[in-house]
Amino acid sequence: MNNRLKVLRAERNWSQQDLAVRLGVSRQSVNAIETGKYDPSLPLAFRIADLFELSIETIFLRG
Amino acid sequence: MLTRNPAYQMYNRRIAVASVLYVAAVFAASSVLHHRAPVSPLAIGVALVPGIAVSLMIYAMARLMLELDDEYLRLLEVRKALIATALTLAACSAWGLLEIFTAVPALPVFWVFPLWCVGLFAGALFNRLTLGKGGGL
């Protein structure tokens with residue numbers, strides 16, 4: 001699944017580690033989600049959406 | 001393991017304790033019992049003591065799965081365990097068939113767990129190859 005996580009993170013000048021700390025996950029998790037190698041669970045997707053104050057479908061794109 | 005998740009620290013601690021117990025138990029058993037000692041309750045009891053340490057290692061692995069609060073890291077561990085299980089089942093089944101139909105030496109079942117642990121490493125390699133740097137190792 002494609003997503004805008006890397007762009008949203010870059011807009012805030014956060015490193016993957018910064019985002020990982022804010023989400024309470026490992027840096028590998030952030031990397032795997034950004035590169036589309038791992039689709040997060042719904043609870044984690046909600047945490048990401050809450051952090052960026054966006055809806056899930058704005059961050060995670062179909063296709 | 002790239003991340004220092006507290007669950008990994010507990011896992012390493014448990015495995016270290018179990019490993020020390022295992023070496024001590026094997027050393028103690030081999031000093032008390034000779035190879036292929038006659039079967040007796042005492043001999044069976046002494047010979048099974050190292051098995052307690054092996055059980056502790058398996059317990060440590062199970063606890064790691066339960067205590068990892070990072071869903072992606074847990075996925076990596078589950079994938080490793082699945083690869084290890086698949087390789088162990090395939091290797092043992094294939095060798096079992098060879099034992100039935102040919103004159104190859106019997107594989108002591110003692111080796112099943114070490115073989116599974118080697119499979120974990122193969123699983124880690126699989127994670128690395130399929131998931132890149134985020135796959136661990």
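Okay, some housekeeping. Residues are numbered from 1 along each chain as its sequence is written, and chains are lettered from A, with ligands numbered from 1, in the order in which they are written. Since this is a predicted model, local features need pLDDT of at least 70 and side-chain atom pairs count only at pLDDT 80 or more, while totals for chains, interfaces and linings use all residues; side-chain values use heavy atoms, with hydrogens and water left out.

Let's start on the surface of chain B. B:Val17, B:Leu21, B:Val49, B:Ile52, B:Leu56 and B:Tyr59 make up a nonpolar patch there, with about 520 Å² of accessible area together. Accessible areas are from the Shrake-Rupley method with a 1.4 Å probe, and for residues only the protein chains shown count as cover. To join such a patch, a residue needs over 30% relative accessible area and no salt bridge, and nonpolar side chains (Val, Leu, Ile, Met, Phe, Trp, Tyr) are joined within 5 Å.

Which helix gives the largest share of that patch? Helix 2 of chain B, with four residues. Helix 1 (6–32) and helix 2 (41–67) each supply at least two; helices here are DSSP runs of H or I, at least four residues, numbered from the N terminus. B:Leu21 sits in helix 1, and B:Leu21 counts as partly exposed because its relative accessibility is 41%. For that scale, buried is under 20%, exposed is over 50%, and partly exposed is in between (1.4 Å probe, protein chains only).

Now, cysteines. There are zero disulfides over all chains, a disulfide being a pair of cysteine sulfur atoms within 2.5 Å. B:Cys92 is partly exposed at 24%, and B:Cys117 is partly exposed at 29%.

On to the two chains together. On chain A's side, A:Gln28, A:Lys37 and A:Tyr38 supply 58% of the area buried against chain B, more than any other three residues.

Last stop: B:Ser40, in the loop between helix 1 and helix 2 of chain B. B:Ser40 is partly exposed, at 27%.

Key. Patch = residues over 30% accessible without salt bridge, like charges linked within 9 Å, V, L, I, M, F, W, Y side chains within 5 Å. Salt bridge = Lys/Arg side-chain N within 4 Å of Asp/Glu carboxyl O. Buried area = accessible area lost by both parts, 1.4 Å probe.
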